[in-house]
Amino acid sequence: FDTGALTAEDKSIIEKYISDSQDSKATKASVVVSSLGNGMKLGLETTIDNVLKNSDKEQVDMVVSAICKNKLSDDEVLRLVDFGFSSGSVEISISVLEHLMQSGQYLLIPAKFLISLLNMDSYSPDDKVRILNKCFEFKMDNKAFESVVTNYLCYNASPAQDRKTVIACLF
């Protein structure tokens, strides 16, 4: 990119590369970071599906940090949070939230995201508490939080011992 060979108008070339190339996730992550650093606004879904999913935390950190250097729409912010939660990795989930916070992105976490998180079997109760505590650093609508607590108390089917850990955090 330092040669000026590709410009922001050439984003379709980069998106095709990250979608179709058999290169490693690390190589694709480097290309995405360079592209974003040179003013390209790549499609978030393309980046998540072809670079972030199944990448290690270091690669996710590198790419999410580059993504967050730009002002993101509400939908983009929520899509990143959804990616973090669905990754099944507490480290990636918290990292995504930290990058959003450090870059000053606005996030009002929807109740359905937290309800979904609390129903995921891929996280231990302690992991859920760590992610919830990070989420509590963002704004949350009181009605939405009430909905999360009500849903967890009335409908969550986790074992009682697991629920105790999370309930202590919610209260």
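**Exercise 1. In this predicted model, find which backbone oxygen lies 3.0 Å from a polar atom of the side chain of T47, then describe where T47 sits.**

Step 1. Start at the side chain of T47: one of its polar atoms is 3.0 Å from the backbone oxygen of G43.

Step 2. T47 belongs to helix α3, which covers residues 44-52.

Step 3. Decide whether T47 is buried or exposed. Its relative accessible area is 3%, and the cut-off for buried is under 20%, so T47 is buried.

Step 4. Look at the surroundings. Leaving out residues up to four places away in sequence, T47 touches I18, V32, L42, L52, V63 and I67.

**Exercise 2. Work out how helices α5 and α7 are oriented to each other, and which residues meet.**

Step 1. Locate the pair: α5 spans residues 74-86 and α7 spans residues 111-119.

Step 2. Compare their directions. The packing angle is about 5°, and the axes are 11 Å apart.

Step 3. Angles under 35 degrees count as roughly parallel, and therefore α5 and α7 are roughly parallel to each other.

Step 4. List the contact. From α5 come L78, V81, D82 and F85, which meet F113, L114 and L117 of α7. By class, this contact has six nonpolar residues, one charged residue and no polar ones.

Note on methods: Residues are numbered from 1 along each chain as its sequence is written. This is a predicted model: local features need pLDDT of at least 70, side-chain atom pairs count only at pLDDT 80 or more; totals for chains, interfaces and linings use all residues. Side-chain values use heavy atoms; hydrogens and water are left out. Axes are lines fitted to C-alpha atoms, for helices over the stretch in contact, and angles run from 0 to 180 degrees between N-to-C directions. Helices (H or I, at least four residues) and strands (E, at least two) are DSSP runs, numbered from the N terminus. Angles under 35 degrees count as roughly parallel, over 145 as roughly antiparallel, 65 to 115 as roughly perpendicular and the rest as oblique. Contact means heavy atoms within 4.5 Å. Ala, Val, Leu, Ile, Met, Phe, Trp, Tyr, Cys and Pro count as nonpolar, Asp, Glu, Lys and Arg as charged, and the others, Gly among them, as polar. Buried means under 20% relative accessible area, exposed over 50%, partly exposed in between (1.4 Å probe, protein chains only). A polar contact is a pair of N or O atoms within 3.5 Å; within protein, one must be able to donate a hydrogen and the other to accept it, and residues adjacent in sequence count only if both atoms are side-chain atoms.
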